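Thank you for making the time this morning. I would like to walk you through one model, starting with its rings and ending at its surface.

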Amino acid sequence: EIQGRASKATKGPWTWDGSRFRKQDGTPFWTPEGCWDVDVAFIQHGREDIPFLLFLLRKLGVAVDGEGV
């Protein structure tokens, strides 16, 4: 599930211009309303953090999303 959601999400890295998230090419794709700066940072970095954490788990031999079950 986690890997599937990460794979389907808009490709990163994402940037924040103060009012919306933008794709690598600068195209806006999401405008969160009422987000705090810390929430924006979490969302922005999550696009790269989640795949990296999944990679580390696999490297440690941990089954992810039912792998090896």
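Which residues do ring pairs link into a cluster? They are Trp 14, Trp 16 and Phe 21, where rings of Phe, Tyr and Trp (its six-membered ring) pair if their centres lie within 6.5 Å, and planes under 30 degrees apart count as stacked, over 60 as edge-to-face and the rest as tilted. A search of the whole structure finds three aromatic pairs.

Before going on, please keep in mind that this is a predicted model, in which local features need pLDDT of at least 70 and side-chain atom pairs count only at pLDDT 80 or more, while totals for chains, interfaces and linings use all residues. Residues are numbered from 1 along each chain as its sequence is written, and side-chain values use heavy atoms, with hydrogens and water left out.

Now to the sheet, which is open and has three strands in the order E1-E2-E3, with antiparallel pairing; strands here are DSSP runs of E with at least two residues, and helices are runs of H or I with at least four, numbered from the N terminus, and two strands pair if DSSP finds at least two bridges between them. Strand E1 (15–16) and strand E3 (28–30) are at the edges with a single partner strand each, so one side of each has no neighbour in the sheet. Strand E2, residues 21–22, is joined to E3 by two bridges, and Arg 22 has Pro 28 as its bridge partner in E3.

Arg 22 also forms a salt bridge with Asp 17, with the closest N and O atoms 2.7 Å apart, the term meaning a side-chain nitrogen of Lys or Arg within 4 Å of a carboxyl oxygen of Asp or Glu. The structure holds one such bridge. Asp 17 is partly exposed at 38% relative accessible area, as is Arg 22 at 22%, where buried means under 20%, exposed over 50% and partly exposed in between (1.4 Å probe, protein chains only).

Turning to helix H2, Ile 43 lies in that helix and is partly exposed, with a relative accessible area of 25%. Leaving aside residues up to four places away in sequence, Ile 43 touches Trp 14, Phe 21, Trp 30 and Cys 35, contact meaning heavy atoms within 4.5 Å.

Leu 53 also has its place in helix H2, and at 46% relative accessibility Leu 53 counts as partly exposed.
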